[in-house]
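Trainee: I would like to learn how to read the helices and loops of a protein model. Could you take me through one?
Mentor: Gladly; here it is.

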Amino acid sequence: MDERRPLCFRCKCERARAVVRQREALCASCLEEVLHLRFKSQLRRDPRLDSRTKCRPSKRTSQGARGNERTTKLAMACSGGTASSAMLRMLAHVQSREQGRAERGRIAFAMEAYVVDESCLADEQDARTTERFAARVAEEATNIVEDSRKAQEDAESSAGRGEPLAFRAHVLPLEDVFEETSNGTERRRRCRELVLGVRDETGREDLIAHLRMRRLRAAAESKGVDLLLLGECATRMAVRAIAETVKGKGYAMPGNIQLADSRLGKDRPTVLRPLRDSVAKELAFYCHFVGLRLHEKPWRVVQGTTLNGLSDAFVATLQANLPSSVSTVFRTVEKIQAFPFNQEWEELNTEFQSSCITEPAQVPTLCTLCLAPLSKRELDARDQADRMNKQEGSVLCRSCLVQIVGTDTTVLANLPQSMRHRSQDCVQDKSQRNAAARAYIADYLLDEEE
């Protein structure tokens, strides 16, 4: 049977085991190597993970043992699915085993994993199942890292090398987004009441995603993380592009598919998507070949049909009939001009080396719920609503206003306090940054008389 398979398109030695992009047949080892190289290349585009780049240490990076070395800290969101499990193993594979110094062909960083526990949204029986699921995913994440490190030690000589930085998987209860109360039972009640109070199925699904992302950002910030990695591949990016266009969020869509996202500021963790050049089919083969155990959520809050689900089914149908459709969709939307917060990370490499004085980018106003940049039309609508006292000062994009809030404004009142004040913080932060930018270039500006 193996003799009928064509030779690997890349090495021309082994029999191919998977057909991926452009119908290229690859063997298991070549597919693994290609994905690792692509993943490492994406990571090294951030100067904090490129040992060849000299840039000013971040305020959030920890100093190494010698004082002049620094270790960038990564955290990744782990759901137990294909993409996050594959990314976790890739991280363990490219991580340097020497603390504070990058080995040849590897990257020096510390890492940990976050698993969000959504049991607060379920009833009593499903809640116990969901809690066990989150604990099982966290345990499996630790096993993936340990197994990868052990396999590398068996394959290579590790004499003279120190122990790698410790790894730990944390379980994050979703209800902890309600930081204003210390009562766990009250937090769970408020979180469940907020989510189930949204009538639209798509809006409910989106709200859960927004709460989950906020919980991940808060945990990363509290633990001094520099980069928060998400396992979002090209297939997921294509689905998101179509779904957000259908929802009327086309203006904000370019900011959600770029490699880096620092929309909350450089002093907070930057979101990174290093799998954006890989499709779901490649990652599924990868998990199968290396023997990763995948976990699927045993229970979901949203059971009906949503715009997100329809977009997913649409892309899957396209991919089944036209294998290059995902890459076509993704590459097309990628050409749309991104926002300043998607480019800020690239400037870290030259910001403190270049003698050219440039004004820092303007900070857009963000939606209170989804943190999407607001278009001029949405800002004008907000100003009009403020004058009519109908939105209580909240800044909402059109999609969140229609699908999440709807006609029931009590959803806004039930939001966590930190999210209710998000819009005010963004506006104040924008004014402060603009003032700082002007002060930074003040010596190079001409007086009005001149």
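Trainee: Let us begin with α9. Which residues of α9 are buried?
Mentor: Buried means under 20% relative accessible area, exposed over 50%, and partly exposed in between (1.4 Å probe, protein chains only). In α9, the buried residues are S325, V326, F330 and V333. Viewed down the axis of α9, these residues fall within an arc of 130 degrees, so they line one face of the helix. The arc is that of the directions from the helix axis to the C-beta atoms. Helices (H or I, at least four residues) and strands (E, at least two) are DSSP runs, numbered from the N terminus.

Trainee: What covers the buried residues of α9?
Mentor: The cover includes α6 and α8. This is a predicted model, where local features need pLDDT of at least 70 and side-chain atom pairs count only at pLDDT 80 or more, while totals for chains, interfaces and linings use all residues. Residues are numbered from 1 along each chain as its sequence is written, and side-chain values use heavy atoms, with hydrogens and water left out.

Trainee: How should I read the confidence?
Mentor: pLDDT is the predictor's confidence in each residue, from 0 to 100. Here the protein has a mean pLDDT of 82, with 78% of its residues at 70 or more. Two stretches call for care. Over residues 348-361 pLDDT stays under 50, and the model has 19 contacts beyond four places in sequence for them. Over residues 423-431 pLDDT also stays under 50, with seven such contacts. Contact means heavy atoms within 4.5 Å.

Trainee: And the protein as a whole: how many helices and strands are there?
Mentor: There are 15 helices and nine strands. Of the 450 residues in the protein, 48% are buried. Among contacts with a separation of 6 or more, 72% are between residues 24 or more positions apart.

Trainee: Back to helices, then. How do I find the buried face of one?
Mentor: Start from the geometry: an α-helix has 3.6 residues a turn, so residues three or four places apart point the same way. Now take α8, where N308, S311 and V315 are buried. Seen down the axis of α8, its buried residues fall within an arc of 65 degrees, so they line one face of the helix. A320 and N321, on the other side of α8, are exposed. The cover over the buried residues of α8 includes α5 (201-222), α6 (234-247) and α9 (325-334).

Trainee: How far does α8 reach from its first C-alpha to its last?
Mentor: The expected span of a helix is 1.5 Å times one less than its number of residues. Helix α8 (residues 307-321) has 15 residues and reaches 21 Å, close to the 21 Å expected.

Trainee: What describes a pair of packed helices?
Mentor: Two packed helices are described by the angle between their axes and the distance between the axes. Axes are lines fitted to C-alpha atoms, for helices over the stretch in contact, and angles run from 0 to 180 degrees between N-to-C directions. Helix α1 (residues 28-44) and helix α2 (residues 82-94) pack at about 80 degrees, with axes 10 Å apart. Angles under 35 degrees count as roughly parallel, over 145 as roughly antiparallel, 65 to 115 as roughly perpendicular and the rest as oblique. The pair α1 and α2 is therefore roughly perpendicular.

Trainee: Which residues of α1 and α2 meet?
Mentor: From α1, E32, L35, H36, F39, K40 and L43 meet M87, R89, M90, L91, H93 and V94 of α2.

Trainee: Where is Q403?
Mentor: Q403 lies in helix α12 (residues 398-405) and counts as buried at 12% relative accessibility. Among the residues it touches beyond four places in sequence are V198, D200, K247 and L307.

Trainee: Which value of phi does K12 have?
Mentor: Phi of K12 is near 60 degrees, a positive value in a residue other than glycine. K12 is in the segment before β1 and is exposed, at 53% relative accessible area. L371 also has phi near 60 degrees, but L371 is buried at 11%, in the loop between α10 (340-343) and α11 (376-388).
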